[in-house]
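Trainee: Hi! Could you walk me through this one? I'd like to know what I'm looking at.

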Amino acid sequence: MSSGKGECAADTEQLQQRVYLGLRAGNLDPEDLVALACNLLDWFPCSDAVLEVVELNPAEMSPEEMAARARRILDDVGFDPGFDLAPERSETLRAALRIVARDLPLRGIEGEPEIEILRDWFPVGAGIRLADGERLNWGGPILPTMCDDPTVALASLARLIQESLLERTWQVWPVCLWHDLGVHASERNGAAVWWCAGDDGHILAPVGELARALGHGRATQGRR
Ligand SMILES: [Zn+2]
């Protein structure tokens with residue numbers, strides 16, 4: 001049995017969570033960081049941050065240096081705090097759902113949809129439950145990492161909804177009235193939009209503002 005590993009017995013996943021939470025709260029415990037680096041040494045010998053934490057004493061680093069190395073270690077091992085340890089992600093997702101929900105009455109979907117965290121999935125993701133109880137998660141759930149950016153979260157939700165509805169009904173939605181083409185939820189110039197590929201491509205409407213675009217379309221449709 002090799003010596004020096006005895007003090008590194010704590011569970012690596014737990015240590016990652018403690019280091020992450022310590023970083024968030026600004027009270028990272030150097031001993032947690034050393035224990036984590038020590039645990040990871042055999043698995044990530046090419047991570048400079050792991051080596052530095054093992055070789056140098058984090059307690060003697062500045063808080064900024066220690067935090068920077070802790071972040072690099074979490075990055076190197078691909079740690080993801082999921083929804084539970086980063087609750088702002090759920091908030092971002094709920095805010096995005098409120099926006100895309102404004103378009104749903106145009107599809108005949110009434111009532112307030114809800115975010116549903118899918119704990120049976122790995123990794124844990126999020127789906128949508130409509131007011132009538134129907135679940136939308138076709139093509140895989142929304143992953144926690146998609147919720148770090150409001151635009152990505154909104155476009156991902158809109159895509160999940162339209163693909164789930166398409167799978168169920170084989171009916172394309174939404175449709176560009178000018179080109180008679182199905183449009184797709186997409187990110188353009190930092191905004192989540194319904195994008196039509198007709199002609200050179202154009203934004204039919206920002207996600208959440210479909211009613212205004214299609215209302216205008218109906219008004220002009222007769223003149224085509
Ligand atoms: Zn179009």
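Mentor: Let's go from the overall build to single residues.

Mentor: This is a predicted model, where local features need pLDDT of at least 70, side-chain atom pairs count only at pLDDT 80 or more, and totals for chains, interfaces and linings use all residues. Residues are numbered from 1 along each chain as its sequence is written, and side-chain values use heavy atoms, with hydrogens and water left out.

Trainee: Thanks. How many helices and strands does the protein have?

Mentor: There are 7 helices and 8 strands. These are DSSP runs numbered from the N terminus, with helices (H or I) of at least four residues and strands (E) of at least two.

Trainee: And what about the overall dimensions?

Mentor: The C-alpha trace spans about 80 × 35 × 30 Å along the principal axes. The radius of gyration of the protein is 23 Å, while a compact globule of 224 residues would have one near 17 Å. That radius is taken over C-alpha atoms, and the globule rule is 2.2 Å times the number of residues to the power 0.38.

Trainee: Which domains is the protein divided into?

Mentor: Domain 1 covers 6-76 and domain 2 covers 88-221. The bounds come from an automatic or database domain assignment. Taken over C-alpha atoms, the centres of domain 1 and domain 2 are 39 Å apart.

Trainee: What percentage of the 224 residues is buried?

Mentor: Buried residues make up 42% of them. Buried means under 20% relative accessible area, exposed means over 50%, and partly exposed is in between (1.4 Å probe, protein chains only).

Trainee: And the surface itself?

Mentor: The accessible surface is about 12,600 Å², and carbon and sulfur atoms hold 51% of that. The areas come from the Shrake-Rupley method with a 1.4 Å probe, and for residues only the protein chains shown count as cover.

Trainee: Switching to charge: how many positive and negative side chains are there?

Mentor: The protein has 21 positive and 36 negative ones, and the centres of the two sets lie 9 Å apart. Lys and Arg count as positive, Asp and Glu as negative, with His and the chain ends not counted. Each charge is placed at NZ of Lys, CZ of Arg, CG of Asp or CD of Glu.

Trainee: Let's zoom in. Where does Leu40 lie, and is Leu40 buried or exposed?

Mentor: Leu40 lies in helix H2 (residues 30-40), and Leu40 counts as buried because its relative accessibility is 3%. Leaving out residues up to four places away in sequence, Leu40 touches Thr12, Val50, Ile73 and Val77. A contact here means heavy atoms within 4.5 Å. Leu40 and Val77 are 37 residues apart along the chain, with their C-alpha atoms separated by 8.6 Å.

Trainee: What about Arg69?

Mentor: Arg69 sits in helix H4 (residues 63-76). With a relative accessibility of 15%, Arg69 counts as buried. Apart from neighbours within four places in sequence, Arg69 is in contact with Ala49, Glu52, Val53, Leu56 and Met61.

Trainee: And which residues does Gln17 touch?

Mentor: Phe79 and Leu85, not counting residues up to four places away in sequence. Gln17 is in helix H1 (residues 12-25) and is partly exposed at 30% relative accessibility.

Trainee: Now something from the other domain. What's Ala211 up to?

Mentor: Ala211 is part of helix H7 (residues 210-221). Setting aside residues up to four places away in sequence, Ala211 touches Asp103 and Leu106. Its C-alpha atom is separated by 9.4 Å from that of Leu104, 107 residues apart along the chain.

Trainee: What is phi of Asn189 near?

Mentor: Near 50 degrees, a positive value in a residue other than glycine. Asn189 is in the loop between strand E6 (184-188) and strand E7 (191-196), and is exposed, with a relative accessible area of 84%. Phi of Asp199 is also near 50 degrees, and Asp199 counts as exposed at 69% relative accessibility.
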